[in-house]
Amino acid sequence: MKILMVSSEAVPFAKTGGLADMVSSLSTALAKQGHKVKIVLPRYYCIDRTRLEALEGAMGVPMGGGEEWCKVYTASLPGLPPKNPIEAYFIDHEQFFGRDGIYGVPSEPDFLDNPRRFTFFCRAVFQLCRKIGWYPDVLHSHDWPAALAPVFLKFRERSGPFGNTVSVLTIHNLGYQGIYSKDNYQHTGMSWEIFYHAGFDDWNMMNLLKAGINSADSLNTVSPHYAEESKTQEYGFRLDGILRYRSADYRGILNGIDTDIWNPATDTFIPETYDINDMKGKKKAKEALQKEYGLSRNPDVPVIGLVSRLTGQKGVGELFGPAYGSAYSFCRDMDLQFAILGSGEAWCENELRSLSSQLPNLKAKIGYDERLSHLIEAGSDFFLMPSRYEPSGLNQMYSLSYGTIPIVRNTGGLTDTVENFNQDTGTGTGFMFDELNPQAVYNTIGWAIWAWYNRREQIEAMRTRGMKLDFSWAASAKKYIEMYEWTLKKTV
Ligand code: ADP
C-alpha cells in the first residue's frame, strides 16, 4: 500500500510530545513490512533547510478565493534501508511556518493564525501529491492540525487522481481540538453548506478535529481502553456523542515504542547498557542519576522518576499544587528520592523550583532533555504517571522495558499496558490507583515504597516481568494495516 502520513510533528524533525514519536515509528514499522510510506509536515524554523533537498519550482495552493505559494523540501527518514526509504516532505511557507514554535511560543501559546496555517498545510498535501505524481491509497492524518485533510479529500478532492484514496484520522489527544472563530472558515474556500454538513460547527465556533472526525473514512485512537473512555461524557471532551455515532468506524490501537531508540541493551545515553540477564548497568545508571540530580548516592533508597509535560492532563496539580499537592508530603514522610524532568505551565515550573530547594530528596530539572529522559528511565526504580487521562502513554512502556516499575493511574493506555501488583500472589507489573486525588497518589506511592522495603523479591520479579513484555511496533503496525485494508474495502 501507498500511505501518506500527514502530521504537524515527526521525529527527528519536530517534536513536542508522543505524536512525533508515533508518526515516525509507525511509518518505519510499515516500511519494514514492505509498504511505501511518505510523511508530510510543515517546515518550521527548527528544521534546518540546509540539510534538506529542495524540489524544483514553487507550488501553488488554493486558499480562500486565491492562492498561496510555497516551496517544498525533502529528506529521508534516518535509519531505513535504502531499498525502501521513507521520504519526508516539508511544506515551506515563510509567513505561516517561518517562526520559532510549532503551535505557539511562551508569549503566545496558540498562534492566532493557527487555523489559517493548518488549513494551508492540509490543502498543500494534495498539491504535493500532484507535484510529485504520487497518489496514496491511504491518507493518514494525525490530530487536529491535520484533521482538514480528510475534509478536503471528501468535499474537494475525491475525484480524478484521488478517486481511490481513503482517509484515516488518528486521535492522539481529544483535549486539543483546534477550536477557532468561524471567521477562519473562509480560508478553506468551501461553502457554508459544507461547514454544517462536515460538522465544523461547534457552538458558533469552528472545530477542526470535529470536522475531521465526521469526514474521515476511518478513525482510531492510540489505545483500546482510551477508545472506550473517549465515548463517555467524562473523557470525550464534548466529542463523545459523535464518537459514539461513528463507533462502527472507530477503534483503539495501542502505540508501540521505537526499540532502536528505547532499549536498555543498546541505549547510548546511559553510562552502561544492560539487559535482563545482567543488570549491573541499571545500578550504574541509578548512581549517575543520583549524582546528576544531587541526591544522596545510596543504592538502597528507591528512586521515583517523572518525565512529563507539566500540564493538568498529567496530574501535576494533584502532585505539585501549592498547599494540596501530595509530592511535598510523600517526600517528607517516606524514605525515597524523587527525580523530575519536565517543562510546561509556569506555576508548576515555579513550584518545582521551590520544592527542590525545600526538600533534600526531591530534585527537579526544568526543560526538555532527551538524554536525561533516558537516564531517568534507566536509573529510577519506579516511574510515576498520575495522568488525568492518557490516550496511550509511552513512558510507562519505556519504564517497563528498562526494569523501572510504573506507578500509574488506571486510565487509557496505562490500563492496557500495566497490570496492578497483587501482594498476595506477587503478580503484576506496576502499582495502580483509580481516582485521581492527592490522597490516592500518596497512598499508592506509600504502597510501592512499602513493597520496596518489605517485599523485595516480589519487586525484583515485577521488574523482570516488565522487561520481558514486547511493546515493539510490529504487532500494532499489523493492526494499522488491517484498518487500512478494511477502510479501502468498505470505501472504494
Ligand atoms: P504526551 O504525548 O501526552 O506528552 P507520552 O507519554 O505519549 O505523552 O509521550 C511523551 C514523550 O515526550 C516521551 O517520549 C517523553 O519521554 C517525552 N518527554 C516529555 N517531556 C520531556 C522532557 N521534559 N524532556 C525530554 N523528553 C520529554
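Tutor: In this predicted model, Y44, F96, F97, Y103, F118, F120, F121, W144 and Y180 come together as one aromatic cluster. Over the whole structure, a search finds 33 aromatic pairs. Within one of these, the ring centres of Y103 and F118 are 6.2 Å apart and the planes meet at 40°, so the pair is tilted. This pair links distant parts of the chain, since Y103 belongs to the loop between α2 (94–97) and α3 (114–132), whereas F118 is in helix α3, 15 residues apart. Y103 has a relative accessibility of 18% and therefore counts as buried, and F118, at 1%, likewise counts as buried.

A further pair is formed by Y226 and Y389, whose ring centres are 6.2 Å apart with planes at 15°, so this pair is stacked. Because Y226 lies in helix α7 (residues 224–229) and Y389 in the loop between β17 (382–385) and α14 (395–401), the pair ties together parts that are 163 residues apart in sequence. Both Y226 and Y389 are buried.

Aromatic rings also receive charged groups here: the charged end of R99 sits over the ring of F111, 4.6 Å from its centre, while the charged end of K365 sits over the ring of Y293, at 5.0 Å from the ring centre.

Definitions and conventions. Residues are numbered from 1 along each chain as its sequence is written. This is a predicted model: local features need pLDDT of at least 70, side-chain atom pairs count only at pLDDT 80 or more; totals for chains, interfaces and linings use all residues. Side-chain values use heavy atoms; hydrogens and water are left out. Rings of Phe, Tyr and Trp (its six-membered ring) pair if their centres lie within 6.5 Å; planes under 30 degrees apart count as stacked, over 60 as edge-to-face and the rest as tilted. Helices (H or I, at least four residues) and strands (E, at least two) are DSSP runs, numbered from the N terminus. Buried means under 20% relative accessible area, exposed over 50%, partly exposed in between (1.4 Å probe, protein chains only). A charge sits over a ring if NZ of Lys or CZ of Arg is within 6 Å of the ring centre and within 35 degrees of the ring normal.
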